[in-house]
Each structure stands twice: as structure tokens, then as C-alpha cells.
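Q: I am new to this structure. Please take a close look at one strand, its sheet and its surroundings.

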Amino acid sequence: MKYRKLGNTDLELSEIGFGCWAMGGGWGKTDDMESITAARRALNLGINFFDTADVYGFGHSEHILARALGKNRKNAIIATKGGLVWDDHGCLFRCGSRHHLINAVEASLKRLKTDYIDLYQIHWPDPNTSFEVTMRAMDDLVKSGKVRYVGVSNFTRKQMNECLKVRQINSLQPPYNMFMRDIEKDFSFCKKNGIGIITYGPLAYGLLTGKFTKETKFPESDWRSGMLFPDPGDWQAHIDIFHGSQFKRNVRTVEKLKQIAKKLGKTVGQLSIAWVLSNPEVASAIVGAKRPSQLEENVGGAGWKLSRDEKIKINELLIRNI
């Protein structure tokens, strides 16, 4: 496993990050012992970066990650997120207030069974709280030693600029894959400001694994159906890749990507991860895994490079897909 420096920090992240969303039980049925086995296998494979959030399983993901790491906590870089609150019905609300963040960090520390969090990220921007309030709270948490570095997730360039007026942002976590490339326009801004980039969704939520056809239908209980979001807001771009003519074009493109992957002796998923990692601005690509077998395939997306001609061929396919 190779490692990359995160922005202006001293953190060296594994190119593949272990995503803990599924571990929380919010991505279909999961088995806690399988999740623990997968996380421990990740450590054995050289993965040192684990990304979770307090909202994943409403705390369950953090609990399970703590069990998985155990005495190996010192060998892991733990990133978690806060800034979302939930009610008894599981409804989510954004909250970047000082009171909430201070309490959220304390709760995460207890669940993770650790004295510090390597990277604490604001999960989504809160339109009702000024970024000055949010960043000053984070600054105090860093000074207290409970948080080492501060990141943001799903923030725009304008929102990051507002945060930078108060304190340094150490990382940005955006969605990034062959079908969701908006973040590319902000790569130079992040580099200029010392903001490391950690990407999520490199497999486009299963689309880039090649398991879907043009006839695939998602049940209403699956967020990809779009039925769970009466007002999807910022999540609309994630849902759109699974609907209408865009979905059919995407499936056709995946079939062509399979041919490129086959010639390289790789799966289309591994090709997709390697494509994300081919951008030097990306410090780590977060990939989820419910079981060790999934993890081991994902790791095959790292440790090798696409040639210039291969990248050109892939990008030509993607341009035609638009």
C-alpha cells in the first residue's frame, strides 16, 4: 500500500481509505463481526485511514470501528464527522453550532474509545450557523488536543473561503468518480490553500462495479431510487446518475470501461479507483466494504498507474457520455 500526504498536515494516508458508512448499517443489512473482520483485514493490507461519522448508524459505526481497532488504534488515522443531528424518527438536520459540535466530539471520543480524533470533519454546511461560529468551535477543540486536524465535507469553494477567514481547513471530502467530476474545478484552489482532498464514492455507489444493466430498478427503500428524498437538495446529483437517459448512458459507458479493465487484468471497479487516484491532488479514495472479500478487490485499485494513453482513452469515453 502506498501513502500520500494530506494537504499541509503531517498525516500520511493510505491511498485506499476504509469507508465505515456500511458498518453503521445504513447501506443494507450488515453483520457486525464481518465488519470487524473487514476492518482488521484492512490494517493487515496496509490501510491506515478509516473514515466514519457520528450519523452512520446513529453512532453504531463508531462503536464497531472502536471494537475493530482495539489496541491497534495507534496504527490508525481516524476521521469522523459531525454537524448533523437526528431525532427519534431518524430525521436529520444540519447543525454547526458551538454547543452541538463540542458535545458531538465528546460523544464520538467515547464511542471511538480514544483520547483524540485525527481528523474531524463538518459533514455538511449548516445554512443557519455562521462559518465563523463553527470554525471557532473547531479551533478550540484543536487547542484542547481532542482534535488534531479540521476538515469539511460537501462544501463549496465559497463556503471554504468563509471558513478560511477564521482558521485553516486541512481537508475537503467531496464525491468524486468518473460520473461526478464537479470537484475538479476546485483542485487548484485546494492546492493553493493547503487543503488536502479525500474523495468518497469512487465506485459511484455501485454503478462503476459493472453489476447494473439498463433494466435495473431500485426498490423504494434504496436511496438510489430517489423515493427517500422528497427534497433531495444537495444530494440530487448523486441520485441523477441512476435515472433516465443519464443512467442508460452511464451503463453503456461502464460496459466499454469493462473492456479497458479486462485488457489490464483488472475489474472495472479497480480501474475506477485507479482513475480517481491518478489525480495527484487526491490523498485517499474512500471505499466502503461490508466484508473482507470486497475490501481485497478494492485494494486492487491501488498500487499501479494508468498510462497516459489509457487515461486519454477513458476520458474520451467520459466526454462522449455527457
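A: What follows starts with the strand and its sheet, then turns to charged pairs and a surface patch.

This is a predicted model: local features need pLDDT of at least 70, side-chain atom pairs count only at pLDDT 80 or more, and totals for chains, interfaces and linings use all residues. Residues are numbered from 1 along each chain as its sequence is written, and side-chain values use heavy atoms, with hydrogens and water left out.

(Axes are lines fitted to C-alpha atoms, for helices over the stretch in contact, and angles run from 0 to 180 degrees between N-to-C directions.) Helices (H or I, at least four residues) and strands (E, at least two) are DSSP runs, numbered from the N terminus.

Now take β5, residues 77-82. Strand β4 (residues 49-51) runs parallel to β5, and 3 bridges join the two. (Strands pair if DSSP finds at least two bridges between them.) Phe50 stands opposite Ile78 in β5.

Is β5 covered or open? It is mostly covered, with 6 of its 6 residues buried. (Buried means under 20% relative accessible area, exposed over 50%, partly exposed in between, with a 1.4 Å probe and protein chains only.) In a regular strand the side chains alternate between the two faces of the sheet. In β5, Ile77, Ala79 and Lys81 point one way. Ile78, Thr80 and Gly82 point the other way, and both sets are buried.

Next come the charged pairs. Side chains of opposite charge can pair when their charged atoms come close. The structure holds 18 salt bridges. (Each is a side-chain nitrogen of Lys or Arg within 4 Å of a carboxyl oxygen of Asp or Glu.)

One of them involves helix α3. Glu62 pairs with Arg111, with closest N and O atoms 2.6 Å apart. Glu62 lies in helix α2 (residues 60-69) and Arg111 in α3, so the pair ties together parts 49 residues apart in sequence. Both Glu62 and Arg111 are buried.

Arg148 and Asp118 form a salt bridge, their closest N and O atoms 3.3 Å apart. Arg148 is in β9 and Asp118 in β8, so this pair ties together parts 30 residues apart in sequence. Arg148 counts as partly exposed because its relative accessibility is 33%. Asp118 is buried, at 2%. Salt bridges with shared partners join Asp10, Arg73, Asp118 and Arg148 into one network.

A further bridge joins Arg291 and Glu34, 4.0 Å from N to O. Arg291 is in the loop between β12 and α10 (292-299), and Glu34 is in helix α1 (residues 32-44). Arg291 is partly exposed at 31% relative accessibility, and Glu34 is partly exposed at 32%.

Finally, the surface. Trp86 is in strand β6 (residues 84-86). It counts as partly exposed because its relative accessible area is 31%. Phe58, Trp86 and Leu92 form a nonpolar patch, with about 280 Å² of accessible area together. (Patches are made of residues with over 30% relative accessible area and no salt bridge; like charges are joined within 9 Å, nonpolar side chains (Val, Leu, Ile, Met, Phe, Trp, Tyr) within 5 Å. Areas come from the Shrake-Rupley method with a 1.4 Å probe; for residues, only the protein chains shown count as cover.)
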